[in-house]
Amino acid sequence: MKLSLCTISFRHHLLSLDQIAHWARLHDFQGIELWGIHAKNLAETPEYGKEWLRSYGLETSMISDYLPLEATEEEMINETKKLSDLAKHWGTTKIRTFVGKKGSAETTEKERGYLVTRLRTICDILYADGQVVLVETHPHTLADSLTSTLQLIKEVNHPALRINFDVLHVWESGVHPLDALELLRPYVSHFHLKNIQSSSHLHVFAPENVYAAAGSRDGMVSLFEGAVDYHEFFTKAMSSMEIHASLEWFGRDVKQILKEDATEMRRLADMLQKEKV
């Protein structure tokens, strides 16, 4: 198992990347998932990069961004190439994005075809540099359901297309995460991990709320205390695949929650490993 923390979790904190990396090393994380805007701003200080991060015993697990599929083709290609260069600088082959800005049921066939073509173009660009694009399972996108996600994989039909499996959002779609993983496993390259007290609180993850400094955090709970049963999920998942995952915490008490969740993840992984012996 390789476990990362997300720099997006510290978006409202007055902490330097040096401080975050130092803390991640102290608490036995293997990697850092770099938010796209953080990677872009850090481009002005090129001494920060893969070698600098390796000095902390860490790697960049992924750059998480929002590639502009709806922009002009020129703008989309330019942005993709810029992000590809940043990924090389940070030593990762994985770039996360969303596909579309509305749900699959609300997307017309013509709109879907347009997004599929754009996504295939991005795949071509990244594949040429040995990189992949990870489509996140997320509401109000073309990957908002298992059926639509599988259809998207088939439509794009490209080896550079991978899946960032957000366990909570898969659960939110009404499919048991283990059932979804059974079908998506060949395409999954990363997991996002977070939890919620109950489905009545899912609205707190709406972008307009979760990115706002004054947004509600009601219902956000640590990984092993919420509605999604992560003990069950990882007991099955870890037996069949290597887990590369990021703890994606948006609530308060960031360091304490990340520390507790990482400790429990490692305890569970160790326990399952001993059972195999």
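Start by selecting helix 6 (residues 146-156) and helix 8 (residues 177-184): their axes come within 11 Å and cross at roughly 10°. Axes here are lines fitted to C-alpha atoms, for helices over the stretch in contact, with angles running from 0 to 180 degrees between N-to-C directions. Helix 6 and helix 8 are therefore roughly parallel to each other (angles under 35 degrees count as such). Helices (H or I, at least four residues) and strands (E, at least two) are DSSP runs, numbered from the N terminus.

Before moving on, a word on the model. It is predicted, so local features need pLDDT of at least 70 and side-chain atom pairs count only at pLDDT 80 or more, while totals for chains, interfaces and linings use all residues. Residues are numbered from 1 along each chain as its sequence is written, and side-chain values use heavy atoms, leaving out hydrogens and water.

Leu146, Thr149, Leu150 and Ile153 of helix 6 meet Ala180, Leu183 and Leu184 of helix 8 (contact means heavy atoms within 4.5 Å). By class, this contact has six nonpolar residues, one polar and no charged. Ala, Val, Leu, Ile, Met, Phe, Trp, Tyr, Cys and Pro count as nonpolar, Asp, Glu, Lys and Arg as charged, and the others, Gly among them, as polar.

Next, colour the strands. You will find a closed barrel of eight, running 1-2-3-4-5-6-7-10 with parallel pairing (two strands pair if DSSP finds at least two bridges between them). Neighbouring strands of this sheet are turned by 30° against each other on average, direction ignored. Zoom in on strand 1 (residues 2-6), which three bridges join to strand 2. There, Leu5 stands opposite Ile32 of strand 2.

A cavity is a set of points on a 1 Å grid over the protein atoms alone where a 1.4 Å probe fits but cannot get out, and lining residues have an atom within 4 Å of a point. Select Ile8, Arg96, Tyr211, Glu248 and Phe250, which lie nearest its centre among 21 lining residues. Strand 2 (31-35) and helix 9 (207-210) each give two or more residues to this lining.

Finish at the second largest cavity, with about 50 Å³ of space. Its lining includes Leu193, Trp249 and Asp261, and helix 11 (residues 254-276) gives the most, with three residues.

Methods
1 Å grid on protein atoms, 1.4 Å probe; cavity = no way out; pocket = protein on both sides within 12 Å on 5 of 7 lines; lining within 4 Å. Points joined across faces, edges and corners; volume = space filled by probe spheres on them. Parallel < 35°, antiparallel > 145°, perpendicular 65-115°, else oblique.
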